[in-house]
Amino acid sequence: MLEKLFELSSRKTDVKTEVIAGITTFMTMAYILFVNPSILGAAGMDKNAVLLATAIGAGVVSIMMGVFVNYPIALAPGMGLNAFYAFSVVIGMGVSWQVALGAVFISGLIFILLTVTQVRQLLVEGMPNSLKHAITVGIGLFITIIGLKISGIMSIRLSLIPPTLEKIVAAKGNGTPLYFESMIEMGQLAHPEVLLAVFGLILLAVMMARNVKGSILIGIFTTTIIGILMGIVKIPAGFSPVAIPDFSNNAFLALDIMGALNMGLMAIVFTFTFVELFDTMGTLVGTAAKAGLMDKKGKFPGIGKAMLVDATGVSLGAMLGTSTITAYVESAAGVGAGGRTGLTAVVCGVLFLLALFFTPLAGLIPDAATAPALIIVGALMIESIRHIDFGDLTEGIPAFLTIVMMPFTYSIANGISAGLVMYPLLKLVTGRGREVHWIVYILAVLVVFRFVFLAE
């Protein structure tokens, strides 16, 4: 049955590999179960209600992606989008969280419309192959940055002048330092957590180099065990791996759609739509390409269904009580572990649902254990750079900007936006405008419009 449903043989994989890949993806994504309630809790939402919505939403939509699309891509409430929801919309604009959820729901309906009318699929088809490969590379660097940050191997030092400090305090910790007030530097390697992450990175690299099956998952578990022995991972007194979730306290169907329409939040809806559009497109393209799902013409069979599941997930998440559910870049960790079919996403989704009952157990896995997996997967995704012709600057410069803007502005959408503007511009000024698909010109105009007139 699994062979027929997921086409395991034709994609050169097996059940064991897919299960390991699904567990690996879940391990690298499980942090969202604890981070999302914290972020949305700052917006006045009940943390338990957000935890329920996060686990159920991620579980159901990931299973949908696996069963209906057969892609090894898992979904969950998106980082960045949840911060925009909480700090920019609810806290910054004074919009109630119920109305903000209504705006998220509406953006999901827009996605469904764009998908059914084939517009989103057209966007992927019109994307130049050089930018598709650049997206894969950029996402690799992006998740490497995430891994380096949460491991502590990389740190960001702040030295705020009084006016900046006052602004950030007034905004309840949300603000942007001036360029000279922050600096990226090496973390404290003597710190036990950082040492554990370095150990995990070396262990994982050695196993990957020796082609050990399930290296990423073995690395995560081994590093966690070492962390327990070192005293870094604390097992609470009276610890029980099982906890019964509290379903009585939820935010199911608490969204206010009419409130969002009456308040004229279309600029916010557009921002949700814009960021999600490019984030999802980047994640789907980059991860699916790494999984070998892109054909020789640069097309992805099933991309339309994948986008429909993603769009449905946005509105479903809002109904459950969480911000935008989107395809997760950490899915690349599962692909790196050998995941090639939707069985990977199904396993990950089932684990999210089970996590409702095993939250204490999932909470034992430290960042130092999952971070090395993200760093190594970043290295695997860099391989796509060899398909980009940097000798042709009309291809190379847009690809370069796509690659570097993702990690250094901490946004997949920003990287794609930069490439989409620069690509048609350079083709036009060199007299090669006919090489550009017409949809790219429209996207370039939309990108400029968004950043000029709807800047956050």
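Buried means under 20% relative accessible area, exposed means over 50%, and partly exposed lies in between (1.4 Å probe, protein chains only).

## Basis

This is a predicted model, in which local features need pLDDT of at least 70 and side-chain atom pairs count only at pLDDT 80 or more, while totals for chains, interfaces and linings use all residues. Residues are numbered from 1 along each chain as its sequence is written, and side-chain values use heavy atoms, with hydrogens and water left out.

## Salt-bridge network

The model has five salt bridges (a side-chain nitrogen of Lys or Arg within 4 Å of a carboxyl oxygen of Asp or Glu). Asp392, Glu395, Lys427, Arg432 and Glu435 are linked in a network of such bridges.

Aspartate 392 pairs with arginine 432 at 2.9 Å, N to O. Aspartate 392 sits in the loop between helix H18 (367-381) and helix H19 (393-408), and arginine 432 in the loop between helix H20 (412-429) and helix H21 (438-453), so this pair ties together parts 40 residues apart in sequence. Helices here are DSSP runs (H or I, at least four residues), numbered from the N terminus. Aspartate 392 is buried at 18% relative accessibility. Arginine 432 is partly exposed at 26%.

## Lysine 427

Lysine 427 bridges to glutamate 395, with the closest N and O atoms 2.9 Å apart. Glutamate 395 belongs to helix H19 and lysine 427 to helix H20, so the pair ties together parts 32 residues apart in sequence. Both residues are buried. For lysine 427 the relative accessible area is 0%.

Lysine 427 also forms a salt bridge with glutamate 435 (2.8 Å, N to O). Glutamate 435 is partly exposed, at 45% relative accessibility.

## Helices H6 and H14

The axes of helix H6 (residues 97-116) and helix H14 (residues 303-320) come within 8 Å and cross at roughly 160°. Axes are lines fitted to C-alpha atoms over the stretch in contact, and angles run from 0 to 180 degrees between N-to-C directions. H6 and H14 are therefore roughly antiparallel (an angle over 145 degrees).

Contact means heavy atoms within 4.5 Å. On H6 the contact residues include Leu101, Phe105 and Ile112; on H14 they include Met307, Leu308 and Val314. By class, the H6 contact with H14 has 13 nonpolar, six polar and no charged residues. Ala, Val, Leu, Ile, Met, Phe, Trp, Tyr, Cys and Pro count as nonpolar, Asp, Glu, Lys and Arg as charged, and the others, Gly among them, as polar.

## Threonine 164

Threonine 164 is in helix H9 (residues 162-170). Threonine 164 is buried, at 9% relative accessibility. Leaving aside residues up to four places away in sequence, threonine 164 touches Thr176, Pro177, Leu178 and Glu181.

Methods
Helices (H or I, at least four residues) and strands (E, at least two) are DSSP runs, numbered from the N terminus. Angles under 35 degrees count as roughly parallel, over 145 as roughly antiparallel, 65 to 115 as roughly perpendicular and the rest as oblique.
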